[in-house]
Amino acid sequence: MAFTASSKAFELYVDVDVDFNAWLIFILFIAYLCTLRSKSLLLLIVLAASAAILTFDTTSTVGGLIKIMCELPLGLGSVLAYQTASKPFQARHLSAFTTYVNVAVYGNIGMMVATPIGGTFRGVFARVACIALFIWIVQQGYRARWKTVVLDDNFFVFTAASKSWIFAHAVYRFVLLTLPCFKNGPRYRLLELFSLGLTLALSLTSGLPFEHCFGQADTLTVPAISGLSAIATTFDLLPRDASKGTGISNSFEAHLDVLINTHESTRGEEQDRPNSLVL
């Protein structure tokens, strides 16, 4: 009873879907073990989950479904397929795989500039930050002469993202996922915590620099959360976000606007000025 009450209080205070994130922790732990011991098993799980979503998901929009497929089979699946290939194959096709990764990384960050700002200062901050992060990581790729991926026995190592960029990106994406266009905000609220935590775990396990493990960790975390959300919604496995319809999400986002050095208007004033920024 005490644990249930505490989890509900935490859920209401920080606007987190506790049940969903509890399952996500379990899935990421399995993904972590499979990364170390059986990437082939993880690849089969990814392909099975992707097939289930494609076959049974009737709730996602076409754009949402395309995004999930880009993250699961085309993103994580392609990385795992390359990692499970023979060493001669990996060495022979490293250049092509690096090009594929570069297009995916830079293209994904660049496209996020077009995310609707939702009439909030957070949206303006996210757009400006995204442009800055895109220029920053392109510069790092250019300095590496676009040779951003190196062969490693265990991990997908992306070398053209500095530690400073990774933490700046974490702040940006945390703010980004509070925007009105992201309907599953409470499910995604702890994404950065999981991504950075898994990066640290992989770094400690492998002895590789923290920043070199971020690519593998984020490639596991983002598809895991997107896939779990799609499957949970499709098969009605978890209750809907607890904060929907209660005003809790609005309150959390309003406080975040204030934290980004804005002067937040009341909700009534915001409704009277639907086309103005929340300042």
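Let's start with two elements, α4 (62-84) and β1 (149-150), each of which supplies at least two residues to the lining of the largest cavity. Keep in mind as you look around that this is a predicted model. The largest cavity has a volume of about 60 Å³. Around it you will find Tyr 82, Gln 83, Gln 90 and Phe 97, together with the run Val 149, Val 150, Leu 151 and Asp 152, and then Phe 155, Phe 156 and Val 157. By type, this lining splits into eight nonpolar residues, two polar ones and one charged one.

How many cavities of 30 Å³ or more does a search of the whole structure find? There are two. The second largest cavity holds about 30 Å³ of space. Its lining is made by Met 112, Thr 115, Ile 117, Gly 123, Ala 126, Arg 127, Cys 130, Tyr 172 and Leu 176. The largest share comes from α7, with four residues. Here the division is six nonpolar, two polar and one charged.

Since α7 has come up, let's stay with this helix for a moment. Its 23 residues, at 1.5 Å a residue, should span 33 Å, and because the C-alpha atoms at its ends are 33 Å apart, the model agrees with that expectation. Which residues of α7 are buried? They are Arg 122, Gly 123, Ala 126, Ala 129, Cys 130, Leu 133, Ile 137, Gln 140 and Gly 141. You have already met Gly 123, Ala 126 and Cys 130 in the lining of the second largest cavity. After α7 comes Arg 145, which has a positive phi, near 55 degrees.

Now for an open space. The second largest pocket contains about 420 Å³ of space. It is lined by 21 residues, and the closest to its centre are Ile 27, Ile 45, Ala 49, Ala 224 and Leu 228. Four helices each supply at least two residues of this lining: α2 (18-37), α3 (39-56), α4 and α11 (210-234). Of these, α11 provides the largest share, seven residues. And what is the pocket lining made of, in terms of nonpolar, polar and charged residues? It has 20 nonpolar residues, one polar residue and no charged ones.

Conventions: Residues numbered from 1 in each chain as written. Predicted model: local features only at pLDDT ≥ 70, side-chain atom pairs only at ≥ 80, totals over all residues. Heavy atoms only, no water. 1 Å grid on protein atoms, 1.4 Å probe; cavity = no way out; pocket = protein on both sides within 12 Å on 5 of 7 lines; lining within 4 Å. Points joined across faces, edges and corners; volume = space filled by probe spheres on them. Nonpolar A, V, L, I, M, F, W, Y, C, P; charged D, E, K, R; others polar. Expected span 1.5 Å × (residues − 1). Buried < 20%, exposed > 50% of the residue type's maximum accessible area, 1.4 Å probe, protein only.
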